Amino acid sequence: MQDILQGLNEQQYEAATHINGPLMIIAGAGSGKTKVLTTRIAYLMSQGVDAFNILALTFTNKAAAEMKERIEKMLGNNEARNLYIGTFHSVFARILRGEAHRLGYPNSFTIYDSEDSKSVIKSVVKDLELDEKHYKPSTVLGRISQAKNSLIGPLQYAEDYYIQQEDMRANRPAIAKIYDSYAKRCFKNGAMDFDDLLVKMYELMNTFPEVLHKFQHKFKYVLIDEYQDTNAVQYQITKLLAAAHENICVVGDDAQSIYSFRGATIENILQFQRDYDDVKVVKLEQNYRSTKSILNVANAVINNNKGQIPKSLWTENDEGEKIYLVRTMTDNDEGKFVASTIQEQKLRNHFSNSDFSILYRTNAQSRAFEENLRRSGIPYKIYGGLSFYQRKEIKDFIAYLRVIGNVRDEEALKRIINYPIRGIGKTTMEKLQTIANESNITLWEVLERAAEFGARGATSEAISKFVTMMRYFQSLLKDKNAFEVANEVGKHTGLVKELFSDKTAEGLARYENVQELLNAIKEWVDQQETLTQIDEDGILIDNVSTEETKNAQSLGVYLQQITLLTDADKDDGKGDMVKLMTIHAAKGLEFPVVFVGGLEESIFPSGMSINTREELEEERRLFYVAVTRAKKKLWISYANTRYRFGNLVQNDPSRFLEEMPKELIDRKNAGSNTTSFGLNNSNGFGFKNNSAIEAERRYGAPPSLKQRATSLPSQPPAVQKIIGHQPDNNFQPSDTSNLKEGDQVEHLKFGFGTVTKMEGAIHNRIATVLFKTNGEKKIMLNYAKLRIL
DNA sequence: GACTGGTGAGTTTTT
DNA sequence: CTCACCAGTC
């Protein structure tokens, strides 16, 4: 026990050992939060608390895995594997797997990912005969998700005056109706979406006192990481769970709240002290991670936000180097700069690849980095983005498994019914679908009784063949494990064979992916075998009943966990690789060397989040998170121009750059020695008249046309030619809400042109215009900088 | 019912 | 640029 608590500072010690009663830890970035949490758990166990009585909830699988691993190391045994540590979603899914029947769901319910959800919404919108252009699945799902996270059901949604006003204003009054149908459809399909995992867990606890009682007493100690990111449902559930013992410990940092788009509210952390009596509050303010320079930059930036919980983060670490600010001509150059800097740093400072991390605001930005790392032969791994399980060929294969596990899963069924092509086409499906909806039976049932509903000839035959095959697979469930079933599916459906005969590069990759899926399932099954050999007292059992093992290895269990899996979880930690991820994904992690890319207006801060102070402050917190990931060295970069939808776009340098204290910034690679970042100063940052010359000096002469096709287009993009337009000092953007094609306009930076194309007014917030300057170049622009002539 | 080529629309952030 | 969707053809 002495060992466990060793090396904690006074506050950390207090936080780790105050195990009875409510505790709130306000933990600054890099203050050893994970260390405290893991120590706390290890300490609990050393005090005789059973691992089965401890529940720790995190926001990412990665954070959970890390905690588990650290605890295991601390305790020196594998008792930690019996802890309930996981994301809200995965822990609740696990619980619901045993209890869902109470809510009318099959215990083998399917979990819908966002793609499935959108697909359901799409068909609901179609059935309700609404305008599919106007009721876009992503928009509608966003509204529904928001409602669910605030515990607002379909009925309440329809009756809520404020919500209805909002929907009316957006001219989408039918969302309430869609929400209702969507919920019913999911229920009929025996499926829960991501939000349902939380909502249904709440319903379960709230409706069945005996269930609540059971879990209140099972989880005598509750810990919640990143409490500032909890939303209303999560808040309510944890409140219920902790009500009996009040041994609840929450850890958070209001400065790192970056999930409000998911319904997270800082209120929860502010409310905590009012929810329980005698809340112990511990502040962790000493940073052990970063250099003084890095921390000071972070502090200076976050100070621009109003209303943070007062806290002063300090460090005893070295001053460190200044923060490097880098400007490049294009997004590709940004990638190139990062790749070469990594090479250089490795040689100079003996860093290994895994010491580096590249962070960005949007997943789309990863490509430029990826390409250049590959070109430089630097091994890298991208976290997030499309997970392995979201790839088309994998989802197709899994769709078979899903239907086998749950025939009510209509989304999966629709996916596979004619894949591989077996002659059950669109028209047939539409007919069957209508029958299913009208007679309120499942699509599967309609298929089973297809002949009875009027299927004839070849179609009827194809359907009954399909049904017979699926029934055969289902018959395997009884005594075959997930891998054996999957293997059979691969063989009998011809899926593997079809991919194998596709000799194109993509076909080969798809084939390999499916192979990898089968391997993964095999691995999982084997792993389950060892897991089930430990009983509830944590003692290894020699003779596990085959029944139990089989159960744990079943297809249903497998399916439920993979939907919640992200790519990061496949990471075995092995392999020396540079890590690429969004800033959101990087929360809670730290790296010796960090590159943050794309510090440009409309990217970071995102163009979607610049309209209210709240949105902007969240972007700023995100920047704060990015900066505080770095231990030793930090590069921040932005590009003058980048490609977006195949078009060249120009963005101003991010406003956040201005907020960093100048004396802590090394700007020798920022291209300009002006002291101002002045966004409107055409002589200032990034838009100098001589930037083409400057670029040539740094990157060499532009490559010939032929070369350009194969090598980096590091030549300054054509847009440069027209840069340098000197607007009238009184340039006032016009009200461009009526802007139309053919209008003559003046742009703040580019000068005069004609509007050739209007693009979307997406979300009514930021819109871009494609226009021709001097009859020559196409550029996409922001409305706000245009004057109609 | 299956296949093809043209067209338009889309990119925050995560489970 | 890339993907989903549509109309038109076999």
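I start at one point on the DNA: a backbone N or O atom of Gly425 lies 3.4 Å from a phosphate oxygen of DNA strand B. That pair is a polar contact, meaning two N or O atoms within 3.5 Å; within protein, one must be able to donate a hydrogen and the other to accept it, and residues adjacent in sequence count only if both atoms are side-chain atoms.

Before going on, a word on the source. This is a predicted model, in which local features need pLDDT of at least 70 and side-chain atom pairs count only at pLDDT 80 or more, while totals for chains, interfaces and linings use all residues. Residues are numbered from 1 along each chain as its sequence is written, chains are lettered from A and ligands numbered from 1 in the order in which they are written, and side-chain values use heavy atoms, with hydrogens and water left out.

Back to DNA strand B. Ser609 reaches a base instead: one of its polar side-chain atoms is 3.5 Å from a base nitrogen of DNA strand B.

Which residues come nearest to DNA strand B? Of the 28 around it, they are Arg361, Asn363, Ile421, Thr582 and Phe645. Sugar and phosphate make up 46% of the atoms of DNA strand B that come within 4 Å of the protein. Near, for a residue, means that one of its heavy atoms lies within 4 Å of the molecule or strand. Helix H20, residues 426–438, gives the most to this surface, with 3 residues. Helices here are DSSP runs of H or I with at least four residues, strands are runs of E with at least two, and both are numbered from the N terminus.

By class, the surface near DNA strand B has 8 nonpolar, 16 polar and 4 charged residues. Ala, Val, Leu, Ile, Met, Phe, Trp, Tyr, Cys and Pro count as nonpolar, Asp, Glu, Lys and Arg as charged, and the others, Gly among them, as polar.

Now DNA strand C. Around it are Lys122, Lys392, Phe645 and Gly646.

Next, the protein itself. Chain A has 32 helices and 23 strands. Strands S2 (residues 54–58) and S3 (residues 84–87) run parallel, joined by 4 bridges; two strands pair if DSSP finds at least two bridges between them. In this pair, Leu55 stands opposite Tyr84.

Of the 789 residues of chain A, 54% count as buried. Buried means under 20% relative accessible area, exposed over 50%, and partly exposed in between, with a 1.4 Å probe and protein chains only.

Is Asn406 buried or exposed? Asn406 counts as buried because its relative accessibility is 6%. Asn406 sits in the loop between helix H18 (392–405) and helix H19 (410–416), and its side chain reaches the backbone oxygen of Asn189 at 3.2 Å. Leaving out residues up to four places away in sequence, Asn406 touches Ser108, Thr110, Asn189 and Gly190, where contact means heavy atoms within 4.5 Å.

The other example is Thr17, in helix H2 (residues 10–17). Thr17 has 19% relative accessibility, so it counts as buried. Its side chain reaches the backbone oxygen of Tyr13 at 2.7 Å. Beyond its neighbours within four places in sequence, Thr17 is in contact with Leu5 and Tyr43.
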